[in-house]
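Dear colleague,

Please find below the structure I am handing over to you. My findings follow directly after it.

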2 protein chains.
Amino acid sequence: MKTPRECSKKTCKSLLAAAVDVFAEKGYRDATVAEICELARANIAAVNYHFRDKETLYREAWRYAFAESIKDHPPDAGVGAASPPEERLRGQITALLQRISDRKNKDFLIVLKEMTNPTGLLHEIMQEMLLPLQKRMQATIRELLGPDASDMQVQFCEVSIMSQCVNPMVLKRKDDRNAPPGIKNVKAYADHVVRFSLAGIHAVQDKAGKKQMKQG
Amino acid sequence: MKTPRECSKKTCKSLLAAAVDVFAEKGYRDATVAEICELARANIAAVNYHFRDKETLYREAWRYAFAESIKDHPPDAGVGAASPPEERLRGQITALLQRISDRKNKDFLIVLKEMTNPTGLLHEIMQEMLLPLQKRMQATIRELLGPDASDMQVQFCEVSIMSQCVNPMVLKRKDDRNAPPGIKNVKAYADHVVRFSLAGIHAVQDKAGKKQMKQG
DNA sequence: TGAATTTTAAAATAAGCGTTTGAAAAAGTC
DNA sequence: GACTTTTTCAAACGCTTATTTTAAAATTCA
């Protein structure tokens, strides 16, 4: 048996890909080793041979799915660090929306399942992978709000933006018919979120400015 | 056996309350009739006697939980229809945030589970109960955007606002330690969402106005 | 008291899963 | 081409868990 990371064999890779699909569709508990092996055209014992057990396969499957989705959609959408913060925010919002609305990407579905039916198995690895993305967006928002903004204001604005990106995609993923009509056009919705959020940030900034003046 | 609606007996009510708790915590599939009966201090056969089967109990449990949560948090938060649209929007946002952040209310948790692991059993009843709330918010947004706004702009703004309300509560519900720090103060976050969103709406409105001028 | 309702324990019924095993096949090595 | 290692395979193991039904007992109510 090999450790999962050095998974170079064909069967091993098939298992990983099949596991991603099945875990994304059913969640950890409702996914069965048998179904994963069947989809991978492998023997029922293959999971235990290549990954030791179902739990390890689950962790490796998410790691794999996340890496793939980031590879397809770089988090800055090609907007360089030298660009003004407005443009960088646009890049991050667009990249995030496209990444999680891309049906090829299954890591988002697994995260959703993990949110509502936690197994706890992905807690550490998710923290490790997602925190940097969050920090990057917070830094951009802080630039836009200016030095007088409080941590709470940065937090709130970040929550507002992330929510606008994540939440509609939950509905869209589940069923395109039930998704809000316009969300089918991700680019148009991304433009809306950027416009809406930049205005929101400026409103929060204005309030901070007023406070500052009252105090001074 | 009685039909579930005329559930007046003590055992029947206990079952309903217990079912809400267990379904909210585990979802339909992972919840067991045995656990529900145990929590209700009823015999294992009680569900089948009073509700015919698990599916019917599930539907009735959600209906009950939703009715309770709406009773505790009226959707307009006491802001009358005569108030200006800004205030009505504030009322709706505040009411929604307080309703779904109230840990007593389990219907939200069941909806979340249904989103990510659909059984399909609640589809119609959820449509029936939630659509009016959605329509009401859309109407308010349309007032704020003015008569020149497109349906898509109304939709997008509604999605932006609903997302800001729903999404953070998913995290807060799961675990207060993992929730964004400020979200623990729901009232402060509600104020932020109102400010952020009114600015966002006005930005969308300005864009509509410009378009109008170009065309005219 | 007698009839209807409700509760109960036990059983019926049914299904399913992750994992192990030991032999067979394939791949790799000298 | 014999020998070793790695990989595949079918079968079965062991253990678990669930919903629903049944028929008798208890209770309620007239």
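The surface near DNA strand C comprises 9 nonpolar, 4 polar and 4 charged residues. Please note that this is a predicted model. Of the 17 residues around DNA strand C, the nearest are T32(A), V33(A) and D53(A), together with T11(B) and N43(B).

I then turned to DNA strand D. There are 17 residues around DNA strand D, and those that come nearest are T11(A), T32(B), V33(B), A45(B) and D53(B). Two or more residues of the surface near DNA strand D come from α3 (46–51) of chain A and from α2 (33–39) of chain B. Sorted by class, the surface near DNA strand D holds 9 nonpolar, 4 polar and 4 charged residues.

How are the two protein chains related? Chain A is superposed on chain B by a rotation of 180° with 0.0 Å of shift along its axis, at an RMSD of 0.1 Å. The two copies are therefore related as by a two-fold rotation axis. Of the interface residues of chain A, 100% are also interface residues in chain B, so the copies meet through the same surface.

As for chain A itself, it has 9 helices and 0 strands. Buried residues account for 40% of its 216 residues. Among the contacts in chain A with a separation of 6 or more, 64% are between residues 24 or more positions apart.

With kind regards

Definitions and conventions:
Residues are numbered from 1 along each chain as its sequence is written. Chains are lettered from A and ligands numbered from 1 in the order in which they are written. This is a predicted model: local features need pLDDT of at least 70, side-chain atom pairs count only at pLDDT 80 or more; totals for chains, interfaces and linings use all residues. A residue is near a molecule or strand if its C-beta atom, placed from the backbone, lies within 6 Å of it. Ala, Val, Leu, Ile, Met, Phe, Trp, Tyr, Cys and Pro count as nonpolar, Asp, Glu, Lys and Arg as charged, and the others, Gly among them, as polar. Copies are superposed by least squares on the C-alpha atoms of residues with pLDDT of at least 70 in both. Two residues are in contact if their C-beta atoms, placed from the backbone, lie within 7 Å. Helices (H or I, at least four residues) and strands (E, at least two) are DSSP runs, numbered from the N terminus. A residue is buried if 20 or more other C-beta atoms lie within 10 Å of its own, exposed if 12 or fewer, and partly exposed in between; C-beta atoms are placed from the backbone.
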